[in-house]
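Please read the following note with the sequence and the structure open beside it.

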Amino acid sequence: MSRNDPLASRPPRRRRRRSLALAAALGAGAALAALPGAASAQQSLVMAQVVGGTSNADEVASRTGLTLEGAIPQIGWATYSTEGDAATARRRLLRDRGVSRIDFVMPGERAGADFLPRDIIFQSPGLVAVNGLGSFDWKWHWTIANFPAAWDISRGSSAVRVVVIDSEFDTEHPDLKTKFAAGRNFDSGTADYRTGRVRATDINTAFHGSHVAGLVGAASDNAEGGPGACFDCVVIPYKIGFSGSLTNNVDEKFIRDLTEALTAAGDSDGVVINMSLGTSRDHAPLKAAVDYARSKGKVIVASAGNSQLNGQGPSGVPNYPGAYDGVIAVAATRPDDSIAPFSTNGEFVDIAAPGDAVLSTWDSRLDGTVPADKQPTHGIGYKALSGTSMASPIAAGLAALMKTVRPDLTADEVKLLLEQSADDLGAVGRDPVFGSGRINALKALQAAQAYVRPAPPPDTRKAVRFFYSCEQGSKDLAAGKPFVGVPVRARLICKGRTQPALRKVVLEIQRYSARGGWKRIGVVRTTNKGRFGFTRKLNTVGNWRIRVAFGGNAALLASGSLGVKARAVARR
Ligand SMILES: [Ca+2]
Ligand SMILES: [Ca+2]
């Protein structure tokens with residue numbers, strides 16, 4: 001029985017329509033004032049990063065009707081001017097397919113602590129409604145977890161990639177299109193299976209992946225919507241299939257698609273994997289895929305599930321893959337740092353992150369073409385959703401920031417530091433509701449920077465020393481001395497002792513070869529006083545290096561010895 005939603009998300013019950021305050025946010029224009037005495041209208045400049053390099057900058061100019069002022073090919077940025085309204089020019093550039101991002105100066109801009117991205121939710125007032133709590137600032141999910149201060153330390157890196165395994169992705173969304181690496185489609189049995197096509201085609205499942213991907217890494221500083229947690233990171237979108245609706249029961253195809261996608265994520269160059277989904281039953285292939293991705297060093301983050309409410313599934317049922325060892329299972333909090341009522345409780349919950357009424361990217365094509373309860377909140381494809389599906393990518397994005405400042409951290413270390421730096425909530429210490437507490441992005445990055453890996457405990461065992469020698473006829477062969485020539489088929493007679501005395505211990509007699517190193521050719525048992533003796537017939541022509549060796553025990557180190565060297569030569 002799998003009564004959980006395959007995707008841990010549900011739309012908020014109340015939705016607040018909000019007009020886009022783009023013009024208000026940008027209206028004051030760029031910092032270039034008109035020259036004194038100039039008769040013409042004020043000229044405004046906008047810099048734009050051109051897709052494919054500045055050789056395409058002219059085409060952007062002709063499509064947007066703006067004047068190309070100059071370009072910097074080394075970094076791919078071009079500058080455009082307009083005699084008209086600066087906000088209009090920016091909008092034209094942002095919507096042009098040849099532009100990945102733009103840059104401009106905000107009125108009154110100054111450098112300071114707590115980097116605030118130049119996205120709408122950081123520049124304009126707005127509210128989201130939380131069931132039973134009231135209305136809250138629409139960027140609450142970033143501020144409560146201290147992300148602005150964390151972004152002063154790191155905003156991610158294009159070298160740090162996050163695989164998002166989810167429903168579908170609006171790969172042309174203006175806040176996402178520059179953030180996606182090539183995607184892969186694991187929706188088995190469809191025409192797009194095993195292609196790179198991951199863009200949404202089904203309005204029933206379209207929103208979820210776009211929303212989750214935006215929370216990981218939506219573009220920032222582009223005057224669109226909001227930023228993602230790790231907005232200079234790259235998102236790798238992996239699409240899997242859902243049977244018609246996100247609220248359908250789990251089926252075999254879902255498990256199969258998820259398992260294949262997670263295994264591929266293990267082989268990918270992603271360092272973090274986010275799965276805002278789950279099922280209430282343990283599935284062996286899914287567990288194997290988790291173990292495989294872990295063996296590849298991936299940081300795996302998953303939603304804790306939305307099963308705590310009646311009607312959403314049985315309370316407290318573990319959500320897989322979140323409940324597997326080594327997967328960071330994320331519960332959802334609200335703007336007052338209470339637990340979201342749907343967030344699944346259980347010993348498997350590791351941490352909590354904001355997850356009730358969280359604003360993020362929404363498939364922009366859905367506007368006006370879908371039922372009222374699935375329409376975007378406003379014109380640019382942003383929407384507040386609730387679920388541990390939203391908490392998980394915020395934590396995953398933070399893990400990516402940690403991997404940016406400390407690429408050497410292992411997945412277990414990232415998990416440990418996320419937990420240790422979290423703000424404890426609820427019952428003191430780790431508890432089944434919040435796990436170790438609500439993530440704190442600033443403290444997590446500071447902990448990552450300061451982390452000193454504990455040195456492995458020194459080996460205090462003593463070494464065993466060997467004193468022995470061999471003789472053949474009148475020749476003495478002491479350990480560690482150069483080769484001594486002896487007739488082939490001669491017999492070496494060897495004896496010696498160990499220090500400390502190994503009583504009644506079996507030692508190995510070993511012979512060295514260049515190909516195989518030291519290999520056992522016999523054994524010898526020590527006496528009560530740690531003495532031993534053996535003979536060895538050198539039955540082939542060539543070099544013989546023979547030693548005795550001890551395998552070690554709780555008090556003594558494993559130890560070899562130098563060995564004696566004999567060169568067996570043919571008899572004349
Ligand atoms: Ca943005
Ligand atoms: Ca606690």
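How many residues has helix 10, and how far does helix 10 reach from its first C-alpha to its last?

1. Helix 10 covers residues 388-405, which makes 18 residues, and reaches 26 Å from its first C-alpha to its last, close to the 26 Å expected at 1.5 Å a residue. The expected span of a helix is 1.5 Å times one less than its number of residues. Helices (H or I, at least four residues) and strands (E, at least two) are DSSP runs, numbered from the N terminus.

2. The model is predicted: local features need pLDDT of at least 70 and side-chain atom pairs count only at pLDDT 80 or more, while totals for chains, interfaces and linings use all residues. Residues are numbered from 1 along each chain as its sequence is written, and chains are lettered from A and ligands numbered from 1 in the order in which they are written.

3. The protein chain has twelve helices and 24 strands. Of its 572 residues, 49% are buried. A residue is buried if 20 or more other C-beta atoms lie within 10 Å of its own, exposed if 12 or fewer, and partly exposed in between, with C-beta atoms placed from the backbone. Among contacts in the protein chain with a separation of 6 or more, 74% join residues 24 or more positions apart; two residues are in contact if their C-beta atoms, placed from the backbone, lie within 7 Å.

4. Helix 10 is mostly covered, with 17 of its 18 residues buried. Helix 10 packs against helix 12 (residues 441-450) at an angle of about 30°, and the axes are 9 Å apart. Helix 10 is therefore roughly parallel to helix 12, a description used for angles under 35 degrees. Axes are lines fitted to C-alpha atoms, for helices over the stretch in contact, and angles run from 0 to 180 degrees between N-to-C directions. Leu398, Leu401, Met402 and Val405 in helix 10 meet residues of helix 12, including Ala441, Ala444 and Leu445.

5. Helix 8 (residues 252-267) has 16 residues, which should span 22 Å at 1.5 Å a residue; its end C-alpha atoms are 23 Å apart, which agrees. Its buried residues include Phe254, Ile255 and Leu258, and what covers the buried residues of helix 8 includes strand 7 (161-166) and helix 9 (284-295).

6. Why does Leu258 count as buried? Leu258 counts as buried because it has 27 C-beta neighbours inside 10 Å. Not counting residues up to four places away in sequence, Leu258 touches Ile165, Ile240 and Leu286. Leu258 and Ile165 are 93 residues apart along the chain, yet their C-alpha atoms are separated by 7.7 Å.

7. In strand 1 (residues 44-50), six of the seven residues are buried. Strand 1 runs antiparallel to strand 3 (residues 77-82), to which six bridges join it; Leu45 has Ser81 as its bridge partner. Strand 1 also pairs with strand 4 (residues 99-103) in the antiparallel sense, over four bridges, and there Val50 stands opposite Val99. Two strands pair if DSSP finds at least two bridges between them.

8. An open sheet of five strands has the order 18-24-23-20-21, with mixed pairing. Its edge strands, strand 18 (484-487) and strand 21 (517-525), each pair on one side only. Strand 18 runs parallel to strand 24 (residues 564-569), and four bridges join them; Val486 stands opposite Ala568 in strand 24.

Methods
Parallel < 35°, antiparallel > 145°, perpendicular 65-115°, else oblique.
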